[in-house]
Each structure stands twice: as C-alpha cells, then as structure tokens.
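This briefing covers a sheet, a ligand site and a hairpin in one structure. Please read the points alongside the sequence and the model.

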Amino acid sequence: MSFNIDRNGKKRVVIIGGGFGGLRLARGLRKSDFQVILIDRNNYHQFPPLIYQIATAGLNPSSISFPFRKIFEDREDYYFRMAELRAVYPAENMIQTSIGKIDYDYLVLASGTTTNFFGNKNIEEAAIPMKTVTEAMGLRNSLLSSYERSVTCSSEKERDELLNIVIVGGGPSGVEIAGAIAEMRRYVLPKDYPDMDVSRMHIHLIQGDNRLLPGMKEESSAKSLEFLQKMHVEVRLNTFVTDYADHEVVMSDGSRIPSRNFIWVGGVIANPVIGLPEECFGRGRRILVDEFNRVKGQNNIFAIGDIALMEADPAYPKGHPQMAQPAIQQGALLSRNLRVFASGGTPESFRYKDLGCMATIGKNKAVANIGTFIFGGFFAWLLWMGVHLMSILGVRNKLFVFLDWVWSYFTYDRSNRMILKARPSQEMNELEKRMQETHWGDIAPEERNQG
Ligand SMILES: Cc1cc2nc3c(=O)[nH]c(=O)nc-3n(C[C@H](O)[C@H](O)[C@H](O)COP(=O)(O)OP(=O)(O)OC[C@H]3O[C@@H](n4cnc5c(N)ncnc54)[C@H](O)[C@@H]3O)c2cc1C
C-alpha cells in the first residue's frame, strides 16, 4: 500500500486527524496554494458531544457522522487517506503510517485523545469506554443485551449484575449518560420489558472530585447533582474506582458494586505520537506548542486541539480546556498562519475566546455557563439543543437529529434499540490484519503499543 499522491509544485500540508481541529483547518485551507492531505483512521468525521445519545439508542450513528470524502468532493488538491499515524521523522520531514510513508512541508497533529485508564489493566479490560461512535455502539449493544439477558438469566446475583449500571467520571459525559440511562429506565424499559422489575436497576455515578462538572461553575455542579438525584441516580462524590474483579466494581473506600455494565468516562490522555523528542511532551502526554501552535523545537510541525498543550496564552497558563472550541479556533487560526509562514510574514498569536460550556441531564434539564451567566433547567436545555443542532455538520444530519429529538420529546421513545453486530468480510479482516502488521518502518516492537 502507498499514498499514490504526486507532488505538484505546491507546498504540502499533511493533517493527522479530521476531528474538530483538523477538519476546521482543512476547510480553512480552501483556496490556498497548498496541497492538502488529511489522514484519519476513520473515513468519517464524528460529533462527540452527542455520542452518549448513540449509546442510549436516541440517535442513529449516521446522524452524527459525516464522510470526509463528501466534505472534500469539490476541492482541488485535497486528498483524504484512511490510515493511522505510526510515527513522525522530523529530520526527514516524513511520517510513517499504516499505508506507508509520506513526506510533508508542514505537518499538523490533530489526533486528539483516547480514554485514560491510568494504567489499570483490570479496569481497561472490563470497562466500556465512550469516546467514539464505534465505542458508543458497543455500549448500546452491551446495555441492550444486558436488559435482554436480565429477563432470561437464572440467578438473582446475575440479574443484579446485569441491571446495575456503574458510570465512572462526573464530567459532562458521565452526567449526560447517567441522565439518559435514567430516562430510559423510567420511560422505555417498563414498556419494553413488562416482566422486568425496573426498581432493581440501579444507576451509580462515581466521581473522584468533590463535585460533578468540575469545569463549570459551582451552581451548575449543584444543579446537575440535584437533577440526577431527582432522577434516582445514585451519585458518590470523593470516591475513586480502584479495581474491577468478579463482576464487581471496587471503590477506594473498599465498597463494591456488582455490575456488568461498567462505563468508564473517567479521563483522557493524548493519543501517542512516536518520533518526537521527549521534551515535546507535557501533562497528559499533550504536545507542548508555542502561541502559533508550533511544536516545541520544531519549525514545520504543529499540534492543535486536545493533543496540544499551549502555556503561552496568558489567560490559560496551564493550557486550554480539552473541548471543541479551542480545537476549532486553533484550526481556524492555523489555516491563516500557515499561509503567513509560507510567505515569510508575521503570524498571529492564538488567544482563546471562551464561548461557554453546557451539559444536559435529560428532558428539559440542562446547565449552561455563558460568560458570567449561569443557566439551569428548561432555558439551558433549549440553549443546549440549539447550539448542538447548529454545530452538527450537514443539513441532512441536522434534520435527522431534530426529527429524532422531536419524536422522543413527544413519545418518550428511543427509536434505535436494536442490537446490531457487524460481521466483517474476510477481505476486511485480512486488510485490518495487514494494516496492523505492516508499515511499521523502523519502529521497534516495544514502541508500537504506546497507546
Ligand atoms: C463523549 C464526548 C462528549 C463530548 N462533549 C463535548 C461537549 O459537549 N462540548 C465540547 O466542547 N467538547 C466535548 N467533548 C470534547 C471534544 O469532543 C474534544 O475536545 C474535541 O473533539 C477535540 O477536537 P480534536 O480535533 O483535538 O480531536 P478529535 O475531535 O478527537 O479528533 C481526533 C481525530 O483524530 C483521529 N485519529 C486519532 N488518532 C489517529 C491516528 N493515530 N491516525 C490517524 N487518525 C487518528 C480520530 O479518528 C479523530 O477523527 C466531548 C468528547 C467526548 C468524547
């Protein structure tokens, strides 16, 4: 396999990752004098803020995903390649990927983060992450098949394990998935499973911090706790999960909760990038960048979004929050700055404009912090819906999400409750295997699994 992209006299920008940052950058390079190559391990862009609705059968995966090739169909000198970054060779201006090597004039790392299990192998093997659309579909299958098995299993112990849900992490993802499962328990399961004793289903939300949503104002934390408690979610603050054994989640205070639905949204760590010098990495494996998103010590390698750690923005000396807006704003500025770098001008420094943050807990319930304003309840929920609808890529996707929301608002129904498992073809399995095994270049086997 190889890239099969010829040089055409233009400078070449290679972007790794078509998430919020990488996609914004690629779109901003339209009508530039660059040849643009976007590389992503998936052939679609995804919209993580609504991933929890895939996991809880509220939305269809295709409503929050968008194929890259569709985005770039009318562009000249734009190329998409589905591949995985393996390593960077800065001295040769070259990268190694799962489909071969390619050289660059400018390289932009926008490959985001992955779930952080803090090195605990037991937890990593047992827990269900919810970081991508595929993982959310895995979680949906797991929840739905647990409900199915709970009505056919023969022991009460197993029934409790199947019905108990433990969610670890009280940030926006944890709060949102807890609220969505609680609504499912109240409105959907009693109708779908008349022979299930829904009162035996307990939803636990475990948070290490002393409040939920620690990135938001304290009033919003308190409000989200109040909303969840009213929905009978059992929230434990100041508690860490330390292990998982014998179908039980083990807590720092020694207590245990039997559960086979152990959802982990307890933190993220930057996706690994092999080949950059050690001094390029900071907290959470994030890549240290200057005020132009240029990687420390490098002239033509940049990092944007969740993977970047910029300490040069005076208002954010510890780096920007790992959220969509910093990634989008950095992608937008870098699309202008790359032109400036190429022409020898003076680039503009990045300054983050905080547009606020929000989280929804269920129907008519959300919290939002916008500037100095703090909203909670119905208005915040309307705001949350409006902002998310506007941000989803594509008119069709906006429409489908809107219709699904209207449908479930009035019917309390979730339309995507099928357990769907794909059976890959022999060709797909072989390709996957080949991509895993080949194109490692001179990367040593012990370096390959840094993620
Ligand atoms: C469940 C969930 C809910 C969230 N909700 C919100 C929210 O409500 N509001 C908010 O502001 N933020 C939210 N976030 C955070 C937000 O999604 C991220 O901050 C944002 O996506 C970061 O953008 P990015 O471009 O840096 O990376 P991402 O959007 O993560 O994109 C990274 C891309 O790189 C690709 N990739 C990764 N590794 C490789 C590799 N080795 N080779 C090739 N491609 C690779 C991935 O496939 C992906 O397309 C949420 C995140 C999650 C997981």
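Three strands make up an open sheet in the order β6-β7-β8, with antiparallel pairing. Strands here are DSSP runs of E with at least two residues, helices are runs of H or I with at least four residues, and both are numbered from the N terminus. Two strands count as paired if DSSP finds at least two bridges between them. The model is predicted: local features need pLDDT of at least 70, side-chain atom pairs count only at pLDDT 80 or more, and totals for chains, interfaces and linings use all residues. Residues are numbered from 1 along each chain as its sequence is written, and side-chain values use heavy atoms, with hydrogens and water left out.

- The antiparallel pairing of β6 with β7 (residues 94-97) runs over 4 bridges.
- In this pairing, L85 is opposite T97 of β7.

**The ligand site**

- The ligand has 28 residues around it, of which G21, D40, L85, D306 and A324 come nearest (a residue is near if one of its heavy atoms lies within 4 Å).
- By class, the shell holds 11 nonpolar, 12 polar and 5 charged residues (Ala, Val, Leu, Ile, Met, Phe, Trp, Tyr, Cys and Pro count as nonpolar, Asp, Glu, Lys and Arg as charged, and the others, Gly among them, as polar).
- Domain 1 (11-115 + 269-355 + 425-445) and domain 2 (121-266) both contribute residues to this shell, so the ligand lies between them; the domain bounds come from an automatic or database domain assignment.
- A side-chain N or O atom of D40 is 2.6 Å from an oxygen atom of the ligand (polar contacts are pairs of N or O atoms within 3.5 Å).
- A backbone N or O atom of F20 lies 3.2 Å from a ligand oxygen atom, and a polar backbone atom of M323 is 3.2 Å from a ligand oxygen atom.
- The ligand alone exposes 990 Å², of which the protein buries 89% (accessible areas by the Shrake-Rupley method with a 1.4 Å probe).
- α1 (20-28) and α9 (324-343) are the elements that give two or more residues to the shell.

- Strands β24 (residues 365-370) and β25 (residues 373-376) run antiparallel and are joined by 4 bridges.
- I370 stands across from F373 in β25.
- The hairpin has 2 residues between its strands, and G371 takes a positive phi near 55°.

Terms used
A polar contact is a pair of N or O atoms within 3.5 Å; within protein, one must be able to donate a hydrogen and the other to accept it, and residues adjacent in sequence count only if both atoms are side-chain atoms.
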